[in-house]
Amino acid sequence: MEEYLNMSHSYVNLPKLKKGDTIGIISPSHVATRERYEGAIRQLEALGFRVKTAKNLYKDTYGYIAGDRERADDLNELVSDPEVKLIFFGGGYGSVDLLPLIDYENIRKHPKCFLSYSDGTSILNAIYTRTGIVTYYGQTPGDYCAPAPYTLDQFKRVFLEESTGAFLPNSDWYTVTSGSSEGILIGGYLHNVALGLGNPFFSYDPSQKYLLFLEDHERFSSIPEINSLLSFIEQSNFMSCVCGLIFGHYSESISLPLLERLKRLGKKHGIPVVYTDDFGHGQNHAILPVGCKAKLDADLKTLFFY
């Protein structure tokens with residue numbers, strides 16, 4: 001918590017990207033394959049960007065992933081690279097290994113954008129809470145092998161265009177519990193958020209309010225597992241700072257048991273809760289800025305960043 005308190009409660013939102021900028025790609029959570037990543041690289045280059053791959057991107061030192069230091073070196077070296085404006089990485093398992101090895105002071109000195117999702121949650125939240133730099137949740141390099149129009153639109157709106165601050169949906173939103181709230185947007189993949197509470201690399205300011213976003217998927221977690229993970233969050237000290245909840249895509253058809261569980265959470269803590277298919281492990285890959293101030297109106301089904 002001390003690391004966060006030393007940040008003076010401000011956040012750093014970086015300048016927009018421009019065509020010709022360099023995107024750096026790393027793989028903290030899985031073994032990248034050349035076939036898949038080369039397709040994504042071609043698509044990113046077709047969008048007008050240069051792409052630089054980390055030296056250990058394709059290594060499998062541990063059999064299932066590259067070594068801790070190899071993966072951390074990739075991240076730290078791309079941070080130091082003045083050409084790289086955005087560091088892009090996907091999910092899997094293992095990002096938490098890197099948290100003690102990331103050079104956060106170097107990130108403060110050489111700020112740049114970080115974009116990931118799923119297991120990348122741990123790194124995105126650690127960078128934000130340790131440095132105050134806004135990070136971005138919602139997309140992975142694999143999404144660019146054959147990017148959907150909404151994926152491309154979200155990337156352009158967040159990183160290239162001057163935005164109005166209004167979140168652009170691509171699905172129906174469900175009001176689980178009514179109300180509106182304002183706070184610092186933080187969250188990610190449910191497992192990483194729940195397991196990260198109490199970790200020194202996930203810190204928060206107890207005097208602030210947080211708008212929590214979470215997502216999981218039926219192929220990873222059953223409703224009983226979702227229930228347990230939500231209970232861990234509810235029983236943490238962090239929950240007293242949560243002023244609203246946005247839950248992302250879980251299944252192709254709406255899960256009524258999930259909505260009932262989310263309703264119990266919302267009513268118990270007196271906070272607005274919504275469900276949306278716009279982000280997570282589904283077809284829609286919206287981008288949410290971790291550390292940005294935001295306002296949720298569950299009744300109007302709107303989300304604004306400011």
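Start by selecting strand E4, residues 113–116. Both of its faces are covered. Colour Cys113 and Leu115 on one side, then Phe114 and Ser116 on the other. All four are buried, meaning under 20% relative accessible area. In a regular strand the side chains alternate between the two faces of the sheet. Keep in mind that this is a predicted model.

**Next stop: strand E3**

Now trace the chain between the two strands. From E3 it passes through helix H4, residues 104–109, on its way to E4. This β-α-β crossover is right-handed.

**On to strand E5**

Select residues 135–137 for strand E5. E5 pairs with E4 in the parallel sense, over two bridges. Which residue of E5 is the bridge partner of serine 116? Show tyrosine 137. Then follow the chain from E4 into helix H5, residues 121–131, and out to E5. This β-α-β crossover is right-handed as well.

**Across to the seven-stranded sheet**

Move to the open sheet of seven strands. Select them in the order E6-E10-E9-E8-E7-E12-E13. The pairing here is mixed. Look at the edges: strand E6 (173–177) stands at one and strand E13 (302–305) at the other. Each has a single partner strand, so one side of each is left without a neighbour in the sheet. Neighbouring strands of this sheet are turned by 35° against each other on average, direction ignored.

Zoom in on E6 and its pairing with strand E10, residues 273–280. The two are antiparallel, with four bridges between them. Show tyrosine 174 and its bridge partner in E10, tyrosine 275.

**Zoom out**

Now show the whole protein chain. It holds nine helices and 13 strands. Its radius of gyration is 18 Å, close to the 19 Å that the globule rule gives for 306 residues, so the chain is as compact as a globular protein of that length. Along the principal axes, the C-alpha atoms fill a box of roughly 50 × 40 × 40 Å.

Switch to a surface view. The accessible surface comes to about 12,600 Å², and 50% of it belongs to carbon and sulfur atoms. Of the 306 residues, 59% count as buried.

Last, turn to contacts along the sequence. Among contacts with a separation of 6 or more, 79% are between residues 24 or more positions apart.

Technical notes: Residues are numbered from 1 along each chain as its sequence is written. This is a predicted model: local features need pLDDT of at least 70, side-chain atom pairs count only at pLDDT 80 or more; totals for chains, interfaces and linings use all residues. Side-chain values use heavy atoms; hydrogens and water are left out. Buried means under 20% relative accessible area, exposed over 50%, partly exposed in between (1.4 Å probe, protein chains only). A crossover is right-handed if, with the strands pointing away from the viewer, the path from the first strand over the helix to the second runs clockwise. Two strands pair if DSSP finds at least two bridges between them. The radius of gyration is taken over C-alpha atoms; the globule rule is 2.2 Å times the number of residues to the power 0.38. Contact means heavy atoms within 4.5 Å. Accessible areas come from the Shrake-Rupley method with a 1.4 Å probe; for residues, only the protein chains shown count as cover. Axes are lines fitted to C-alpha atoms, for helices over the stretch in contact, and angles run from 0 to 180 degrees between N-to-C directions.
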